[in-house]
Amino acid sequence: MRTSGVLMPISSLPSPYGIGTMGKAAREFTNFLAEGGQTYWQILPICPTSFGDSPYQSFSSFAGNPYFIDLEELCEEGLLTREECDATDFGDNDQYVDYGIMYFSRYALLRKAYGRFKEQMPEDFYAFCEEKKDWLEDYALFMALKDANNGVSWSQWPADLRFRRGRAIDDAVNTYAQDIEFYKMLQYLFFKQWKGLKKYANERDIKIIGDVPIYVAGDSADVWANPQQFYLDENLNPIEVAGCPPDAFSEDGQLWGNPLFRWDEMKKDGYTWWTRRIKAMAELYDIVRIDHFRGFDSYYAIPAADKTAKNGQWKEGPGMDLFGQLRDKLGELPIIVEDLGYLTPSVYQLLEDSGFPGMKVIQFAFDNRDGSEYLPHTYSKHCVAYTGTHDNDTVMGWIETAPEETVAFAKEYLNLTKEEGYNWGMMRGIWSSVADMAIVPMQDLLGLGSEARMNTPSTLGDNWKWRMKSDAITEELTTRLYSYMQMYGRINPALVEKLKKEEEKTEE
């Protein structure tokens with residue numbers, strides 16, 4: 001079945017309050033997808049971001065990002081007033097998120113909301129806390145303790161808290177009870193709004209593809225609460241950390257710094273932590289995209305003290321043992337895997353054994369004329385084709401910055417013209433392929449340049465900031481997108497079925 005979707009981070013939606021949220025603009029974007037014949041809305045991870053603002057470095061693998069809580073909905077519920085929101089500084093650029101301002105302004109407002117929330121607790125608040133307690137208790141305490149310790153990493157907390165010694169934890173739960181409840185409230189509000197947005201999307205036959213990073217941040221409730229699951233020494237410091245070896249993109253490699261999983265320990269308890277994580281993500285999203293799939297076959301381990309990724313070494317991952325157990329416990333899962341980069345025969349075998357569709361990124365297709373598995377004519381049906389991901393430049397940025405011979409090959413292969421628009425020609429390349437699913441970043445639909453790039457790997461400071469203008473989506477854009485879907489047989493199957501039934505009724 002041929003389908004299509006759009007990659008659009010929630011943070012990039014327009015909003016008067018500094019960052020995209022799960023409110024009105026998210027519903028309007030859903031309407032655009034439905035009217036444009038799309039089937040999927042792919043988003044980036046929606047967990048709370050830590051230092052560097054990357055959604056792939058989060059304080060929790062299970063919690064939702066409080067920035068995405070829609071303030072207008074809180075005003076409607078009486079938790080905030082519009083005057084309070086309008087009087088708050090969220091930055092002065094509607095095309096970029098100012099995370100520094102966001103941190104102080106958003107949490108100040110949410111603290112005000114908590115003051116009103118606790119005066120009249122919703123009836124289902126405690127039921128929510130009970131339902132999510134297997135991660136919520138640790139996360140709320142973790143965040144309260146971070147605040148109490150001036151935001152420093154848990155590795156710098158007093159030893160009794162670092163090692164979660166019973167009496168110290170009991171004392172902290174009592175001392176910081178109000179702060180713990182505040183963070184539980186944020187999760188209650190997040191999941192309530194998320195549930196409403198997902199219901200709205202599903203009712204319009206739009207399915208949400210969510211992103212699950214393979215690794216978790218070292219400074220996270222995940223590691224603090226489950227140190228035995230990670231490769232730490234007796235002082236709870238990482239022994240080796242995650243990253244990628246040197247390649248064409250980086251001569252020093254990529255030093256991500258995430259603690260590595262202790263797969264041998266995870267195997268002993270039947271991969272309980274991973275089962276909980278994938279179960280939670282499968283409930284949150286319609287389809288789960290797992291990042292860095294090759295890390296389950298073999299992963300790159302870098303000495304924790306190193307400043308670059310040059311001295312790492314490859315180690316064996318859990319392979320099908322993990323995915324077999326997940327399948328046994330959770331059933332067949334709707335999963336897409338990110339299998340980009342240098343792949344060994346064993347990674348290809350794991351991909352085949354898992355049955356999960358991998359990814360094809362057309363920007364990677366034109367580096368030479370000797371043939372590439374990213375050229376559209378080589379695709380199989382069982383894959384997901386992209387013009388680019390969050391780590392790529394936009395198509396228009398790529399056209400400007402890629403080597404001249406690479407761009408010339410792309411223009412020749414796809415018959416790219418200014419008249420059609422280079423971005424539309426590149427998107428046509430994946431839409432016309434045999435790939436069952438095709439996903440394009442919103443920036444490519446809008447024809448934006450490098451100024452709208454979401455992330456440049458191995459850099460800090462200018463990433464994860466792009467936001468769409470409030471008037472960017474037009475009737476002309478929607479109509480043109482729908483016409484391409486019609487041309488290449490990618491209109492949402494549910495919409496096709498509805499139109500078919502309407503025609504049958506008319507004929508009767």
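**Figure 1. Gly355 and the end of helix 14 in the predicted model.** Gly355, which follows directly after helix 14, adopts a positive phi of about 80°. The structure shown here and in the other views is a predicted model. Within helix 14, which spans residues 345–354, the buried residues are Val347, Leu350, Leu351 and Ser354. These residues lie on the same side of helix 14 because they cover an arc of only 100° around the axis. Their packing partners are helix 13 (320–330), strand 9 and strand 10. On the face of helix 14 turned away from the buried side, Pro345 and Glu352 are exposed.

Figure 2. The strands follow the order 9-6-3-2-1-12-11-10, and their pairing is parallel. Strand 9 (335–337) and strand 10 (358–361) are the edge strands, each pairing on one side only. From one strand to the next, the twist averages 25°.

**Figure 3. Strand 1, strand 2 and helix 1.** Strand 1 (residues 3–7) and strand 2 (residues 40–42) run parallel and are joined by three bridges. Val6 stands opposite Trp41 of strand 2. Across both strands lies helix 1 (residues 24–35), which runs at about 135° to strand 2.

**Figure 4. Surroundings of Ser11.** Ser11 is located in the loop between strand 1 and helix 1. Its relative accessibility is 7%, so Ser11 counts as buried. Residues touched by Ser11 include Ile19, Gly20, Phe68, Val97 and Tyr99. Also among them are Met454, Trp464, Trp466 and Arg467.

Figure 5. The whole structure contains 51 aromatic pairs. Tyr67 and Tyr107 form an edge-to-face pair, with 6.1 Å from centre to centre and 65° between the planes. This pair links distant parts of the chain, 40 residues apart: Tyr67 belongs to the loop between strand 2 and helix 2 (71–76), and Tyr107 to helix 4 (residues 99–117). Both Tyr67 and Tyr107 are buried. The rings of Phe261 and Trp273 form a tilted pair, because their planes meet at 45°, with the centres 5.7 Å apart. Phe261 lies in the loop between strand 5 (254–259) and helix 11 (263–268), whereas Trp273 lies in helix 12 (residues 272–284), twelve residues apart. Phe261 is buried at 3% relative accessibility, and Trp273 is buried with a relative accessible area of 2%.

**Figure 6. Charged side chains over aromatic rings.** Lys132 is placed over the face of Phe191, 4.8 Å from the ring centre. Arg294 has its charged end over the ring of Trp314, at 4.1 Å from the centre of that ring.

Note on methods. Residues are numbered from 1 along each chain as its sequence is written. This is a predicted model: local features need pLDDT of at least 70, side-chain atom pairs count only at pLDDT 80 or more; totals for chains, interfaces and linings use all residues. Side-chain values use heavy atoms; hydrogens and water are left out. Two strands pair if DSSP finds at least two bridges between them. Helices (H or I, at least four residues) and strands (E, at least two) are DSSP runs, numbered from the N terminus. Axes are lines fitted to C-alpha atoms, for helices over the stretch in contact, and angles run from 0 to 180 degrees between N-to-C directions. Contact means heavy atoms within 4.5 Å. Buried means under 20% relative accessible area, exposed over 50%, partly exposed in between (1.4 Å probe, protein chains only). The arc is that of the directions from the helix axis to the C-beta atoms. Rings of Phe, Tyr and Trp (its six-membered ring) pair if their centres lie within 6.5 Å; planes under 30 degrees apart count as stacked, over 60 as edge-to-face and the rest as tilted. A charge sits over a ring if NZ of Lys or CZ of Arg is within 6 Å of the ring centre and within 35 degrees of the ring normal. Lists of a residue's contacts leave out its neighbours within four places in sequence.
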